[in-house]
Amino acid sequence: ILLAPIIQKMSSEIIVSRPHYDSRVHQKSPPLEQEVPQPSSGSATAGYRSAKYTPAEWFSNYQAILAQAGTNHRDAQNIQLESRTLSQDTEAAALKTQATGTRLLGERLQEIHSWKSELQRHIELLQADTESLLMVKKRLERALDATETPFAIATDNLTCRARRLGAELVRDTVEEELLKEVDLIRSIQALLKKTAAQVVAQIKRNRSAQQTLEMDWSDKCQAYSFDDACGRNNNMSPDTQQHPSSATMQEHVSTPSSWTKFTQDNLSMALQEDHATKSLRMLVEQMLQDTTEDLRVQCASVDRAFSLRCEDLIEAKTQLEMKLAQTLEQIGSQEKNIEVLQRAVHNKEAPLRVAQSRLYLRSLRPNMELCRDQPQLSLEGEVRQIDASLESLKQKLSEARSSLSRLEESRMALEKDISCKTNSLFIEREKCMIHRKRYPTVSVLSGY
């Protein structure tokens with residue numbers, strides 16, 4: 001009883017509601033003439049007559065529904081077919097594009113690996129060049145240190161020879177060769193310093209080029225890691241995710257040609273530094289060989305000059321000693337001669353006194369007895385003869401004494417010169433030549 005009004009109301013609403021017509025079906029279907037229902041008499045049935053459709057409307061309604069359903073069915077079938085085709089095509093295209101991308105990634109990995117291997121080879125080459133240059137630098141430093149010994153020897157020889165005495169302080173061949181040696185050592189030291197600076201500059205360039213190659217190698221290693229991870233990704237990979245903005249063009253992106261040119265330029269620079277390193281090493285090797293040879297040749301020249309000078313000194317000293325011996329012998333003879341002359345003068349004094357005493361006594365004769373007789377004349381001649389003899393003896397004694405004085409001067413000059421030459425010979429042999437035995441060897445001068 002309570003549900004009857006509700007059911008009646010729902011029936012009224014179902015009868016009153018009008019179906020929705022699809023405009024497409026309405027356009028395709030021919031328009032149906034609607035019959036206007038004639039009003040019937042009686043107020044009790046007025047509501048039922050106004051809410052009902054005609055059979056034509058009913059037929060048109062369900063025909064439209066059938067047509068619309070058929071159209072929707074065909075459209076759905078077409079969409080399903082197109083969807084399957086599109087899904088298959090897009091899947092095939094995606095797989096093909098993914099395979100192409102994987103293949104290109106593999107080719108890119110091979111190219112990166114090839115350049116990375118080339119970079120690694122040149123990095124090792126530059127590292128080896130730098131290590132070899134460091135060894136060359138040490139050789140140059142040792143060779144420069146080794147030149148200090150010859151320089152000290154040469155300057156010490158000049159200082160020692162400056163202490164020669166008298167006329168021995170001469171600018172001879174030895175001194176000229178020593179001065180040449182000092183100038184040669186100074187020029188070699190300057191050359192070694194300049195070459196060492198060139199080696200240091202080349203080491204800096206090698207390290208700069210190596211750093212550039214290492215940065216490029218590091219970038220390629222990182223790029224290789226990323227591309228390798230990209231190549232390993234597939235549709236079943238769990239770590240993939242969407243990055244909508246990754247497909248946009250990034251700024252400062254290099255092109256394949258600029259990418260290749262960048263690495264080629266780096267390798268070209270490394271190869272250029274490698275050639276420069278090899279040329280510099282050959283130059284240093286030849287320079288060390290030449291400087292060592294020059295020093296040893298000059299050392300031999302100085303030693304030869306010292307030997308010749310010592311021979312000259314020994315010869316001169318021998319001659320002086322022989323002359324000194326002769327002089328000493330002559331001094332002894334002259335001294336004996338002076339003694340003989342002195343005795344001769346002394347021996348003439350007694351006859352002179354006798355003759356003079358006779359003349360004096362005879363001069364005391366008186367008057368006519370004071371006669372210049374034969375004895376008187378003989379005594380006067382005797383006195384004159386003795387005076388002349390004394391005069392000659394004294395003259396000769398004076399000459400002998402003068403000769404003895406000159407012989408003494410010669411002796412002193414000879415002894416002084418012998419002393420000077422002995423001192424010079426000591427300096428040459430004991431101070432200079434022995435010191436020169438400490439001259440560095442060829443290996444030490446070469447920096448080994």
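Aromatic pairs first: this is a predicted model, and the count of such pairs in it comes to 2. W58 and Y62 have ring centres 5.1 Å apart and planes at 45°. Planes under 30 degrees apart would be stacked and over 60 edge-to-face, so this pair is tilted. W58 and Y62 are 4 residues apart in helix 4, which puts about one helical turn between them.

The other pair is F59 with Y62, with centres 5.2 Å apart. Their planes stand at 85°, so this one is edge-to-face. F59 and Y62 are 3 residues apart in helix 4, again about one helical turn. Taken together, the ring pairs join W58, F59 and Y62 into a cluster.

As a general point, nonpolar side chains in soluble globular proteins tend to be buried together.

The largest nonpolar core has 25 residues. Those with the most contacts inside this core are L140, L192, V199, V284, L288, L295 and Y439. Which helices supply it with at least two residues each? They are helix 4, helix 5, helix 6, which covers 173-232, and helix 7, which covers 256-362. Helix 6 gives the most, with 8 residues.

Take L288 as an example from that list. Setting aside neighbours within four places in sequence, L288 is in contact with R139, L140, A143, L192 and S446. There is also a second, separate core of 17 residues, and I338, L341, L404 and L407 are among them.

Last, helix 4 against helix 5. Helix 4 runs over residues 55-146 and helix 5 over residues 148-161. Their axes are 4 Å apart and meet at an angle of about 10°. Angles under 35 degrees count as roughly parallel, and helix 4 and helix 5 are therefore roughly parallel to each other. On the helix 4 side the contact is made by L144, D145 and A146; on the helix 5 side, by E148, T149 and P150. By class, that contact has 3 nonpolar, 1 polar and 2 charged residues.

That is what I have; I will take questions now.

Methods. Residues are numbered from 1 along each chain as its sequence is written. This is a predicted model: local features need pLDDT of at least 70, side-chain atom pairs count only at pLDDT 80 or more; totals for chains, interfaces and linings use all residues. Side-chain values use heavy atoms; hydrogens and water are left out. Axes are lines fitted to C-alpha atoms, for helices over the stretch in contact, and angles run from 0 to 180 degrees between N-to-C directions. Angles under 35 degrees count as roughly parallel, over 145 as roughly antiparallel, 65 to 115 as roughly perpendicular and the rest as oblique. Contact means heavy atoms within 4.5 Å. Ala, Val, Leu, Ile, Met, Phe, Trp, Tyr, Cys and Pro count as nonpolar, Asp, Glu, Lys and Arg as charged, and the others, Gly among them, as polar. A nonpolar core is a set of buried Ala, Val, Leu, Ile, Met, Phe, Trp, Tyr and Cys residues joined through side-chain atoms within 4.5 Å. Buried means under 20% relative accessible area, exposed over 50%, partly exposed in between (1.4 Å probe, protein chains only). Rings of Phe, Tyr and Trp (its six-membered ring) pair if their centres lie within 6.5 Å; planes under 30 degrees apart count as stacked, over 60 as edge-to-face and the rest as tilted.
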